[in-house]
Amino acid sequence: MYDWLPGALDGTSTVITANRRLARVLKQEFARRQVEAGVLAWPSPRILAWPDWLDAQLREASRQEHLPTRINAYHSALLWDRCLRRELGEDAVGVANLVRLARDSWQRLSDWDVSIRDVARASLSSDHKAFAAAAGRYAGLLERESWIDDAGLAAHVAKLIADGDIAAAGRYTFAGFDREKPSAARIRVHLAKAGCAVVDVPVPVRADQPVLVPFATADGELRAAGTWARKRLEEDPEHHIAIVANGLERDAPRMAGLVREGLMPGYRLSPTHLADALNVSYGRKLASYPLISIGLLWLRWLVRDLRATEVSQLLRSPLVVAGPGSGRTQLELRLRRLPDRNWSPSMITSALQGKDESADSAEWLQRVAAVTKNRRDLGGAASPAHWAVTIDEILKAAGWPGKQRLRSAEFQLVNRWRDLLNDLARMDLVSSRMSLETALNQLESMAADAVFQPESEHARVHLMGPLEASGLEFDALWLTGVTAGHWPPAGNPSALVSRRLQEQHGMPDATPDDTVAYARRLLEHLCAAAPLMVCSYPLTEDDAEQTPSDLLPASQPADADAFPDPGLFAAELTGTASLADVADRVPPIAPDERLSGGAGTIQNQLTDPIAAFLGGRLGVRTLDEQTDGLPALLRGNLIHDALYQLYFDKPSRDAIEGWTDIEQRISSAIDFAFGRHERNADKVLLALLAMERRRVAGLLHDFIAIDIARDAFIVDSVERSVEFAEAGVRLKLRVDRIDRLPDDRIAILDYKTGAEKKFLTAKGEPKEIQLVAYACAVDEPVAALALVNVDSRNMGFNGAGAGYTDPEMWPEQLAGWSNLVRTACAELTTGDVRMNMSVAMTDARPLNLLTRFTELRNDV
């Protein structure tokens with residue numbers, strides 16, 4: 001491979017590549033040849049990507065004091081943003097996308113020597129005119145400040161060569177240029193006039209025609225390509241193999257996964273680094289990497305409040321506070337039970353302080369407190385360089401990127417972030433002072449635009465797009481998706497410049513003929529990139545029949561059976577595993593073991609024993625969903641707290657009827673219930689809580705009315721804690737309310753704040769065993785058990801015993817139900833983990849990962 005390279009680097013020679021990837025590969029190839037030749041040290045070869053070569057020429061030119069100041073892509077984007085907003089208005093939306101379009105159009109205009117005056121004259125639409133006006137402003141800025149951007153660099157270098165300010169000498173070899181730009185052609189001409197040899201890397205001539213293979217689906221095509229690559233590596237582990245895929249930029253993760261299914265069957269079950277055997281050339285936006293997004297989220301807290309979901313990400317992430325996160329997990333669970341709002345750092349500290357005593361919780365809250373201090377101290381404007389240093393210090397103080405050992409890709413990612421901070425520091429060239437918020441907005445924008453792909457040192461198989469493969473050579477190459485619909489690809493002319501003007505200057509994709517010619521040339525070069533070449537296409541895509549592209553060079557048809565689709569590795573495991581009973585029974589409840597879950601654990605034992613074991617003995621809890629507004633659980637707790645305060649002094653029925661200060665009592669009860677939630681509430685939450693206050697006040701009025709309508713009672717206790725102990729099961733229970741009746745027996749009440757609940761079924765059996773468990777726990781005669789529905793849809797008592805059912809049958813009923821509780825406890829004590837297979841799928845789903853309910857049900 002690259003047999004032309006040694007000759008291209010003889011003497012004072014330079015190789016200029018179309019992209020940085022090709023430059024990197026050629027340097028590696030040159031080094032490999034030197035090592036094989038036994039050379040111990042050698043001068044670095046002059047192999048530069050086109051933009052890097054242009055920069056090098058500007059740096060090496062004479063009379064530096066007369067040269068314009070170089071601005072980078074981020075400087076340019078900021079200037080374009082200002083110019084576009086001057087034309088469209090400061091409040092214009094979508095300017096970030098328009099900046100990208102404008103910069104791309106500006107680059108094309110510069111490369112094809114089209115003046116802004118011509119652009120303005122040819123403008124037909126309001127978009128064309130707005131761009132022309134903004135481009136005029138931008139060009140004026142560059143001229144006035146003596147700046148030069150990426151787009152203007154080629155023309156300026158050409159002039160410097162022509163004027164003799166750049167000492168051009170030797171041989172210049174151009175590699176990987178499938179479409180030559182007039183700006184590059186002018187430089188070639190001036191190099192030749194300066195006496196330099198200017199050559200292009202010849203396209204290799206391959207004796208064998210590529211093989212053309214059809215596949216039923218595009219997914220099968222990619223899996224088969226992975227299998228083919230694996231077989232090539234088995235034949236020769238030193239081979240360099242490429243799989244070139246259309247549309248990689250749209251769905252790189254999914255396409256890479258399909259290739260890995262064939263290349264590394266079972267890779268999902270293997271160590272993470274195994275996936276690195278495939279190098280995917282299409283990178284991701286820097287801001288999309290978790291390590292970077294968490295850092296940006298922490299920084300964002302310096303200038304604005306975060307939603308609960310965002311704070312939860314910071315609590316769960318090991319990138320801020322390293323080490324075991326059990327304490328932070330408890331804080332996050334606590335946060336989920338609070339109503340969502342815009343959380344400032346100080347509000348979070350106030351709401352979560354003291355809720356968990358773990359070391360990692362304390363450390364996390366300390367670092368949040370530091371953010372609060374920074375919010376107070378970092379006001380005003382400063383230089384971008386100052387903010388870059390400050391941002392770096394803040395992240396270090398937060399513990400970012402964690403204490404874990406960084407893998408190679410993560411180490412490269414952190415270095416790329418530091419490069420981004422350096423770019424931010426250099427922004428003072430075009431913006432001398434800015435606020436912290438502006439600096440962070442700029443940094444986020446830069447991270448959203450920057451594409452990062454870690455370099456893979458050991459990958460032998462490369463998945464890349466057609467443009468990334470330009471100029472590269474391989475031992476074997478598979479080109480996928482060669483359909484008439486993809487080749488030629490859709491043209492991409494500039495949307496901000498008149499199409500007629502683009503046609504006049506021969507700009508890219510200005511005409512269908514140009515698009516077709518470029519696609520044919522690219523295909524020809526790809527088919528010559530390896531001695532072993534396979535082309536493939538799917539027979540159907542999106543329910544549409546596909547045919548191979550007419551642009552494909554002569555090829556040999558092949559049967560898909562010669563290139564099998566391995567399918568999904570997981571499918572091969574179906575039916576191969578044999579299940580066997582293992583003598584590993586759940587141990588009985590130990591004498592000192594205390595269960596969690598309250599009376600719900602006993603209820604689960606009656607309906608689904610495995611849920612009782614997981615919740616009561618292992619302490620498994622389903623996560624509360626983070627919802628907008630007031631969660632149903634919180635609304636219920638507010639009512640419970642208000643009723644607790646309302647009846648705290650244990651009044652009798654007659655005393656309640658005699659209350660003359662009902663409004664004051666209700667107001668005090670509501671203040672008690674709502675106060676702690678209102679202390680850390682934003683405006684939106686305060687408005688929601690105010691509406692809920694009015695609703696709960698109405699409920700309390702209605703509740704007092706139905707209490708007065710009952711027979712005589714005295715409130716004996718509210719929120720009473722009781723110890724339940726039965727057959728080895730010990731639980732801590734809390735009873736909402738106990739009333740004492742005139743005969744000195746008690747009535748146990750449980751508040752229900754959601755949809756209406758009934759205590760008994762149509763057959764006279766309790767729907768829920770909770771109240772019966774309370775009855776077993778109290779050492780007093782029980783006259784009645786009742787659910788109290790407290791809701792705007794329904795308000796009332798529903799129970800059994802005195803005042804509800806036949807009093808003669810009551811002792812027998814309660815005894816029977818109590819025996820049911822005792823039996824459930826005995827089964828729970830022995831380690832019963834049976835599974836109720838008739839449970840609805842939605843009810844079983846929260847514990848499905850532990851119970852494997854779905855798989856077992858499907859087996860049945």
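I began with strands β15 (residues 476–479) and β16, which pair in the parallel sense over four bridges; strands here are DSSP runs of E with at least two residues, numbered from the N terminus, and two strands pair if DSSP finds at least two bridges between them. I noted that Leu-477 stands opposite Met-533 in β16.

This is a predicted model, in which local features need pLDDT of at least 70 and side-chain atom pairs count only at pLDDT 80 or more, while totals for chains, interfaces and linings use all residues. Residues are numbered from 1 along each chain as its sequence is written, and side-chain values use heavy atoms, without hydrogens or water.

Next I looked up the other partner of β16, and found that strand β7 (residues 211–215) runs parallel to β16 and is joined to it by five bridges, with Val-213 bridged to Ser-536. I then checked how covered β16 (residues 532–538) is, and six of its seven residues are buried, where buried means under 20% relative accessible area with a 1.4 Å probe on protein chains only.

Of its 88 residues, Trp-80, Trp-298, Trp-301, Trp-364 and Trp-417 touch the most other members. A second, separate core has 37 residues, including Leu-477 and Tyr-537.

Last, I looked up Ser-361 in helix α16 (residues 359–377), helices being DSSP runs of H or I with at least four residues. Ser-361 is buried, because its relative accessible area is 0%. Leaving aside neighbours within four places in sequence, Ser-361 is in contact (heavy atoms within 4.5 Å) with Gly-327, Arg-328, Leu-331 and Asp-356.

Definitions and conventions:
Buried means under 20% relative accessible area, exposed over 50%, partly exposed in between (1.4 Å probe, protein chains only). A nonpolar core is a set of buried Ala, Val, Leu, Ile, Met, Phe, Trp, Tyr and Cys residues joined through side-chain atoms within 4.5 Å.
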